[in-house]
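Please keep the sequence and the three-dimensional view at hand while reading.

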Amino acid sequence: MNDRETAFVIVTGMSGAGRSTAAKALEDLGWFVIDNLPPGLLFAMAEEAGRVKLAADKVAAVVDVRSLAFTTDLNAAIEELDGRGVAVRVVFLEASDEELVRRFENVRRPHPLQAEGRLVDGIARERGILREVRANADLVIDTSNLNVHELRGKIVAFFGGEDRPGLRVNVVSFGYKYGLPVDADLVVDCRFLPNPHWVPELRPLNGLDASVRDYVLNQSGAKELLDAYEEVVGIIAAGYTREGKSYATLAVGCTGGKHRSVAMAEQLGGRLRDRGGMEVQVSHRDVGRE
């Protein structure tokens, strides 16, 4: 396991956020995956996978927080793998407290850290333990509004073509009234632009419609914002690439996530594709919620 081409992914995050779904998606893509592995055994697993030729160029492990020394053990395992020349990336899955409670109640199972307390106590305890891991993760995916098929689609989009060059960028539009995307690396605010919501003929449409797009892009400041943000993203993308960060989420927000942010996100995504050196996908979190 001394080849920098070796891909080793650690899937972790909140219980109930979709780790098993992510693992199955990786398996379908041809990765060698082992679930519920203690962090202290990560290097031994990687070494054994290489020894017996079990898809040693694509290895993934799903680890959870039930080990009391989780953070220390995980950091030590990553350092050991890195020191042996294995490129490690950490994927962190999370969801809102409300969604996690709903999921646990649906399956009628307690949270693994709940002990004698309430379900929300276990979730809060887990968030505290995972805070540092989340902060250092290469990719954070918020599954609050994703079904299993949509989560699988994200995993396939991120890992389905490891030979593709450059930073992988997800540009997502959102509405501030529904909250910031928790997995956003960068956020741009479009609320200073006039709102098509107050134009009767545009209100029922969204930013994917040509009339809304033209209305938004013709407003004072729209082009200037896109120009400036494109340059900022270019600078940051180059830095991310130098530091080994493979994925970035750019969130573009307006009040309801229906008009301005959608039009601007589409334009930004197109500009970044034309710029080259990045693989860009655009999604719209809150279209259809109004």
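The sections below describe aromatic contacts, a pair of strands, a pocket and a loop.

## Aromatic pairs

The structure is a predicted model. Across the whole of this model, 4 aromatic pairs are found. One of them joins Phe-158 and Tyr-247: the ring centres are 5.1 Å apart and the planes meet at 75 degrees, so the pair is edge-to-face. An angle over 60 degrees is what places a pair in that class. Phe-158 belongs to helix H6 (residues 148-159) and Tyr-247 to strand S8 (residues 247-254), so this contact ties together parts that are 89 residues apart in sequence. Both partners can also be described by their accessibility. Phe-158 has a relative accessible area of 4% and is therefore buried, and Tyr-247 is buried as well, with a value of 2%.

A second example is the pair formed by Phe-174 and Tyr-176. Here the ring centres are 4.8 Å apart and the planes are at 55 degrees, so the pair is tilted. Phe-174 has 0% relative accessibility and counts as buried, whereas Tyr-176 is partly exposed, with a relative accessible area of 22%.

## Two parallel strands

Strand S4 (residues 87-94) and strand S5 run parallel and are joined by 4 bridges. Within this pairing, Leu-93 stands opposite Ile-141 in S5.

Which way do the residues of S5 point? In this strand, which covers residues 139-142, Leu-139 and Ile-141 point one way, while Val-140 and Asp-142 point the other way. The four residues named here are all buried, whichever way they point.

## The largest pocket

The largest pocket holds about 660 Å³ of space. It is lined by 27 residues, and those closest to its centre are Ser-15, Gly-16, Ala-17, Phe-104 and Arg-109. Helix H1 (19-28), helix H4 (97-107) and H6 are the elements that each give two or more residues to this lining. Of the elements, H4 gives the most, with 5 residues.

What kinds of residue make up the lining of the largest pocket? The lining divides into 10 nonpolar, 10 polar and 7 charged residues.

## The loop between H4 and H5

H4 is followed up here through the loop between H4 and helix H5 (119-136), where Arg-108 is found. The phi angle of Arg-108 is near 55 degrees, a positive value in a residue other than glycine. Arg-108 has 77% relative accessibility and therefore counts as exposed.

Ala-115 lies in the loop between H4 and H5 too. Its phi angle is likewise near 55 degrees, again a positive value in a residue other than glycine. With a relative accessible area of 66%, Ala-115 is exposed.

Conventions:
Residues are numbered from 1 along each chain as its sequence is written. This is a predicted model: local features need pLDDT of at least 70, side-chain atom pairs count only at pLDDT 80 or more; totals for chains, interfaces and linings use all residues. Side-chain values use heavy atoms; hydrogens and water are left out. Rings of Phe, Tyr and Trp (its six-membered ring) pair if their centres lie within 6.5 Å; planes under 30 degrees apart count as stacked, over 60 as edge-to-face and the rest as tilted. Buried means under 20% relative accessible area, exposed over 50%, partly exposed in between (1.4 Å probe, protein chains only). Two strands pair if DSSP finds at least two bridges between them. On a 1 Å grid over the protein atoms alone, a cavity is a set of points where a 1.4 Å probe fits but cannot get out, and a pocket is an open set with protein on both sides within 12 Å along at least five of seven lines; lining residues have an atom within 4 Å of a point. Grid points are joined across faces, edges and corners, and a volume is the space filled by probe spheres set on the points. Ala, Val, Leu, Ile, Met, Phe, Trp, Tyr, Cys and Pro count as nonpolar, Asp, Glu, Lys and Arg as charged, and the others, Gly among them, as polar.
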